[in-house]
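Colleague: Before we discuss this model, could you take me through the reasoning behind the words you use for it?
Modeller: Gladly, and we can start with the word that needs a cut-off.
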Amino acid sequence: AEAAGRDPSGVRLLAVSKTVDADAVRAAYDAGQRDFAENRVPELADKAEALPPECVWHLIGHLQRNKARSALAHAAWVHSVDSAALIERLEAIAAEDGRLPTILLQVNLSGEATKSGVGAAAAPALLRAALACPHLRCRGLMTMAPYAAPEETLRAVFGGLRRLRDRLQDDTGAALRELSMGMSGDFDIAIAEGATVVRI
Ligand SMILES: *Cc1c(COP(=O)(O)O)cnc(C)c1O
């Protein structure tokens with residue numbers, strides 16, 4: 001963040017725990033880490049139940065509607081919201097269960113068919129659907145860049161997400177401060193392009 005001329009407090013480190021067991025998560029917790037992420041709901045539930053309630057859990061993998069209730073029981077944030085149908089389901093459950101989850105809209109700017117998320121053209125309609133939901137706090141966008149891509153490609157994807165966010169904010173007046181982008185191999189470039197959450 002300092003290299004990019006940014007205030008480090010504006011970048012949240014999300015510890016992705018999907019490949020490690022609860023004891024390893026506990027070691028990170030003991031070292032002061034609080035934000036943890038899983039990409040599958042059953043593992044999210046297991047680890048969230050094994051760790052102290054001060055942990056803030058994030059779901060970063062594709063969410064099926066039939067797992068939405070379990071996801072919201074454990075995750076304060078869902079980064080992978082990618083359809084109006086899922087938004088409708090999350091809103092209904094959040095209302096029933098008295099929750100106010102933070103959600104991010106997952107956008108696929110790399111065009112890779114293997115990645116989930118909506119294209120840039122579909123993002124405005126998805127955002128309008130999210131902003132109409134009183135129990136969902138839609139705070140920004142998430143993306144995944146192509147793996148081990150050249151720096152120009154990564155800059156185009158991360159910068160593209162930031163510019164899309166800027167346009168969506170201008171068009172709707174919504175405060176979309178979060179940009180969840182950057183993983184272990186490319187977080188420096190993501191931070192230079194404005195990431196507020198890096199998934200490591
Ligand atoms: C696994 C995963 C990460 C972390 O990947 P690393 O390359 O190990 O940092 C980040 N985001 C998502 C969506 C993931 O599934």
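Modeller: A residue is called buried when its relative accessible area is under 20%, and exposed when that area is over 50%. Please keep in mind that this is a predicted model.

Colleague: Why is T102 called buried?
Modeller: T102 has a relative accessible area of 10%, and the cut-off for buried is under 20%, so T102 counts as buried. T102 is found in strand β5, which covers residues 102-106.

Colleague: Which residues is T102 in contact with, leaving aside its neighbours within four places in sequence?
Modeller: With those neighbours left out, T102 is in contact with A76, W77, V78, R137 and R139.

Colleague: Which residues of helix α2 are buried, and what do they pack against?
Modeller: In α2, residues 41-50, the buried residues are V41, L44, A45, K47 and A48. They pack against the helices α1 (22-30) and α3 (68-74), and against the strands β2 (35-38) and β3 (56-59).

Colleague: What makes up the lining of the largest pocket, by class?
Modeller: The lining has six nonpolar, four polar and two charged residues.

Technical notes:
Residues numbered from 1 in each chain as written. Predicted model: local features only at pLDDT ≥ 70, side-chain atom pairs only at ≥ 80, totals over all residues. Heavy atoms only, no water. Buried < 20%, exposed > 50% of the residue type's maximum accessible area, 1.4 Å probe, protein only. Helix = DSSP H or I, 4+ residues; strand = E, 2+ residues; numbered from the N terminus. Contact = heavy atoms within 4.5 Å. Nonpolar A, V, L, I, M, F, W, Y, C, P; charged D, E, K, R; others polar.
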